[in-house]
Structures are given as C-alpha cells and as structure tokens.
Amino acid sequence: MLIDRITDARLVGPTPTDGRAAERRHDIGRRHDVVLGGGTVLAVRPTGAAQPGEAVGPGGVEPGDAVRPAGARRPAGTTLPVQGRVVAPAFVDAHVHLDKAYLSAAVAAAPAGTPYAVAGRSPEPSGPRLDAAIAEVGRLRETVPIERIHAGAALAIDTLVRHGTVAARVHVEIDPVAGLDLVTFHQALTASVADRCEVQLVAFPQRGLERPGTRELMAAAMAEGLDVVGGCPYVDQDPIAHLDAVFALAERHGRPVDLHLDFHDEPGRSLIEAVAERTRAHGMAGRVTIGHVTTLAAMAPTAQASALDLLADAGIALVVLPATDLYLGGHGEPGTRSLAPVDRAIQAGVRVAIANNNLANPFAPFGNGNLLQAAWLAGITRRMADDDQPGGLLAAVTTTPAAILGLPEHGPQPGRAAHLAVLDTADPASVPLGAPAVLATLRAGRLVHRVTVPEPVGGAGP
Ligand SMILES: [Zn+2]
C-alpha cells in the first residue's frame with residue numbers, strides 16, 4: 001500500500017549534513033505531517049498546517065491504523081496517522097549473513113539421529129571462540145538440508161523488514177563445497193524481495209582463498225554480477241596474499257571491497273595498515289569497508305587512536321557487529337570486551353555502521369535481526385548516552401550504512417527517499433537508547449510492514 005501522508009509524527013534523524021542542524025534540532029519533539037509522493041518525502045509541515053490541495057481525502061485512515069487488529073477492516077485511504085509517535089529513517093544493515101541464519105533452530109528441531117542433531121557447546125572454559133563457531137557452522141552447512149538453509153534466509157529477510165530494515169549488504173559464502181549454488185539462490189531471493197528490501201550481494205570466502213578452486217569460484221561469482229568482493233584474511237595461512245587477491249579481483253570488476261578483518265584480540269596481527277596501503281594503491285577511498293576489527297578494542301590508546309586516524313584518512317568504513325563480536329571475542333585481560341570503539345571511531349571521522357552479522361547461530365545465539373537493539377547493545381557497551389552520541393548510534397544503523405552501500409540519502413526530510421520506520425515511542429530521546437519496537441516500515445513510501453495485534457484469545461477472562 002502506498003502511503004501519501006504520515007500525520008502527527010515526531011521526527012528523528014541523524015545530524016543532517018546540509019548545514020541546517022540547528023533548524024532540525026528545533027524540529028525535534030514537535031509534531032509534523034510528512035507528505036510523500038513518488039517514493040520520496042515531498043514536504044514536512046507542522047501537524048494541521050495542510051496546504052491548499054493537500055487535504056486528506058475522505059478515505060483517510062482513522063486513528064489506530066498502525067496497530068489495527070489482524071483481519072480488521074480499514075477504510076480505503078493512504079494516510080498513516082501515528083498519533084505522536086516517532087518516525088525515523090528506516091534501517092540499513094551493512095553486514096548480514098542469510099545463508100546461516102537460524103541454524104540453531106535447525107539443530108534444535110532436528111530429530112535424534114539426524115547428522116546435525118547434536119548441538120555444539122563450546123569446550124572452551126573461557127567461552128565460545130571464533131574458530132569453533134566457523135567449524136561448527138561449516139559442519140552444519142554440509143549436513144543441514146539446503147531447503148532449511150533457504151527457508152532460514154527467507155525468514156531472515158522477513159525479520160529484517162519487520163524490524164524496520166529496508167536495505168542490506170549480504171555476504172554469500174563461496175567455497176568448493178557450496179560452489180555457486182548459494183549465489184544463484186541469493187540472486188533469486190534478491191529479486192523476489194526487492195519491493196521490501198534492497199539486497200546487495202558480497203562474494204564471501206568464509207573458509208579462505210587457499211582451498212583449491214576457491215579463487216576461481218570467487219572470480220566466477222563476480223562474473224555472475226555480485227556487487228561487492230568480500231574477504232576473510234584471518235582464516236588463511238597467508239593473509240597478505242588473501243588481501244592482494246581480493247583487491248585485484250575488485251579492481252578487475254570495478255567493485256567495492258568488504259572485508260571481515262582483525263576478528264581477534266591481538267593488535268600485533270592487525271591488518272589495518274595493509275588494508276589502508278592497498279586502498280590507497282588501488283584508489284579505492286570510500287569504497288572499502290572492514291567488519292569486526294575487534295583488535296581495535298585490545299590496542300593501547302595511542303595505537304588505537306593512530307589506527308582510527310588511518311581509517312579516516314584512507315576512507316575506510318568500519319562495521320561493528322556487537323552480537324557476534326561480544327559473544328565470540330574478548331578472551332584477554334579481565335574486563336576486556338571485544339567491540340571496536342564506536343564512539344572514538346566516529347569522533348575520529350571514520351564512517352561507522354553497526355550491523356547484525358548473524359541471526360540465531362553459533363556466531364550469534366543472541367542475534368535477533370533488530371538493528372536498533374544492535375545499536376543499543378553497542379551504545380551500552382561503549383557508554384554512549386551523552387550529547388550527540390545517541391545520534392551517532394542512530395546514524396550507524398541508518399544513514400551511514402546507506403552511504404556505505406552507495407544508496408541515496410533517506411529519512412523524514414524533504415527530498416530524501418521515503419524509507420521510514422514508525423517507532424512505538426513518543427520520546428525522540430529514546431531512540432536508540434530505549435530500542436523501541438518498530439510498528440511500521442515504509443520503503444519508497446510503500447507500507448511493507450505494520451504491526452498487527454492479534455484478536456484476544458476467546459474464552460472467559462480472569
Ligand atoms: Zn560476517
């Protein structure tokens with residue numbers, strides 16, 4: 001359903017880049033009507049200040065439409081009243097894996113005797129670790145039926161949209177076992193969900209480039225039209241050769257690079273300088289993204305500051321993945337938590353996104369596909385409650401990942417793409433600190449998700 005007006009909304013958005021920050025701050029907390037058309041925001045006016053010819057038609061939607069009981073009738077109309085709730089830019093997931101989503105559920109549901117029925121529990125006394133998770137997921141991906149993998153991926157898209165996400169960069173595993181089957185599957189899925197979620201596909205060698213045939217498969221995947229060259233140098237014996245191969249492939253196809261990088265607690269093994277060197281050598285400033293980089297959290301303060309400055313200068317974006325980073329890393333000194341310093345990175349001028357990475361599998365048993373909750377988790381871990389810090393967290397799940405994906409600006413401001421999320425709060429300050437529920441998702445002005453409240457269960461009450 002196309003929406004042409006959202007009424008009675010409180011608007012939030014990251015600090016605008018057009019020099020009108022003061023004006024926008026003035027707007028915060030006031031109620032506005034947002035006029036939509038052609039997939040963009042046409043105008044934003046104080047509630048009730050409709051212009052001639054803008055009157056809501058007789059088919060306007062009555063109050064409560066955003067939380068209408070399932071199956072209840074509603075009058076025809078394209079106005080969405082939100083009754084003083086917050087409307088934010090819709091979310092963009094800069095880094096997510098669909099082909100291993102909900103593997104934990106597959107294991108839990110498997111009857112005894114199936115090859116993947118034994119749920120792996122980390123034998124590590126200090127907690128779960130990355131190499132064990134990679135091995136466990138590798139085993140599951142070879143034994144769980146492909147239909148379940150496909151169903152988990154489709155469910156993951158539904159989950160993302162339900163949580164207000166309208167675009168995602170998806171890493172597709174490329175290895176000699178899977179061949180290009182997952183590429184074909186993801187391309188079909190991308191086409192089938194395009195009206196709800198714009199998916200960008202990364203060729204991702206999860207098990208490295210050193211297994212025979214993997215490099216050829218990566219080249220074939222890019223020739224098939226994948227959008228981004230991925231990499232995972234920490235799983236190879238020769239990570240530098242891995243980086244060189246990734247950048248060479250990206251240059252050959254004129255595509256961006258998106259690396260899983262430095263997912264450990266050993267600063268001495270950091271590849272940040274090597275990536276910056278290659279980014280400059282290939283003229284790829286603004287087109288290289290690195291994910292995890294938990295090494296930053298283990299660095300001494302001066303080394304950390306230098307590394308962040310290097311990322312900012314080289315035009316390399318940073319994606320932190322709190323649900324996985326905090327779960328699998330941080331095995332060093334007591335108190336060490338394995339999350340890159342989001343606050344300091346933003347302060348240093350690095351483009352920072354916060355993303356989901358995984359949903360319900362050994363990499364992230366706690367992941368649920370909710371980017372607001374990911375921002376909340378990063379925020380509380382880094383204690384980002386002051387001044388513009390909450391705005392930085394919101395930007396890290398909205399406009400910054402959109403920029404990393406090369407998408408046009410979006411949000412509740414005139415001229416921007418009408419990708420919007422209606423949140424169940426009247427308090428702009430609770431976004432993202434309170435991680436309010438998403439009541440409705442709009443993509444290009446189209447309502448692609450709304451909360452429906454089930455009818456009460458029949459029978460006598462207490
Ligand atoms: Zn990942």
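Trainee: How many residues of strand S12 are buried?
Mentor: Five of the five residues in S12 (residues 316-320) are buried. Buried means that 20 or more other C-beta atoms, placed from the backbone, lie within 10 Å of the residue's own; exposed is 12 or fewer, and partly exposed is in between. Strands (E, at least two residues) and helices (H or I, at least four) are DSSP runs, numbered from the N terminus.

Trainee: What kind of model is this?
Mentor: This is a predicted model: local features need pLDDT of at least 70 and side-chain atom pairs 80 or more, while totals for chains, interfaces and linings use all residues. Residues are numbered from 1 along each chain as its sequence is written.

Trainee: Back to S12. Which residues point which way?
Mentor: Ile316, Leu318 and Val320 point one way, and Ala317 and Val319 the other.

Trainee: Which sense does S12 pair in with S11, parallel or antiparallel?
Mentor: Parallel, with four bridges to S11 (residues 288-292). Strands count as paired if DSSP finds at least two bridges between them. Leu318 of S12 is the bridge partner of Ile290. S12 also runs parallel to S13 (residues 352-354), joined by three bridges, and there Val320 stands opposite Ile354.

Trainee: And S14, which strands is it joined to?
Mentor: S14 is joined to S5 (residues 86-89) by four antiparallel bridges, and to S15 by four bridges, also antiparallel. Ala421 in S14 stands opposite Ala88, while Leu420 stands opposite Leu442 in S15.

Trainee: Which way do the S14 residues point?
Mentor: Leu420 and Val422 point one way, Ala421 and Leu423 the other, and all are buried.

Trainee: New topic: helix H4. How many residues does it have?
Mentor: H4 (residues 146-162) has 17 residues and reaches 24 Å from its first C-alpha to its last, close to the expected 24 Å. The expected span is 1.5 Å times one less than the number of residues.

Trainee: Which H4 residues are buried?
Mentor: Ile149, Gly152, Ala153, Ala156, Ile157, Leu160 and Val161. An α-helix has 3.6 residues a turn, so residues three or four places apart point the same way.

Trainee: What covers them?
Mentor: The cover includes strands S6 (91-96), S7 (165-173), S15 (438-443) and S16 (446-450), and helices H2 (103-109) and H5 (181-192).

Trainee: What follows H4?
Mentor: Gly164, whose phi is positive, near 90°.

Terms used
Two residues are in contact if their C-beta atoms, placed from the backbone, lie within 7 Å.
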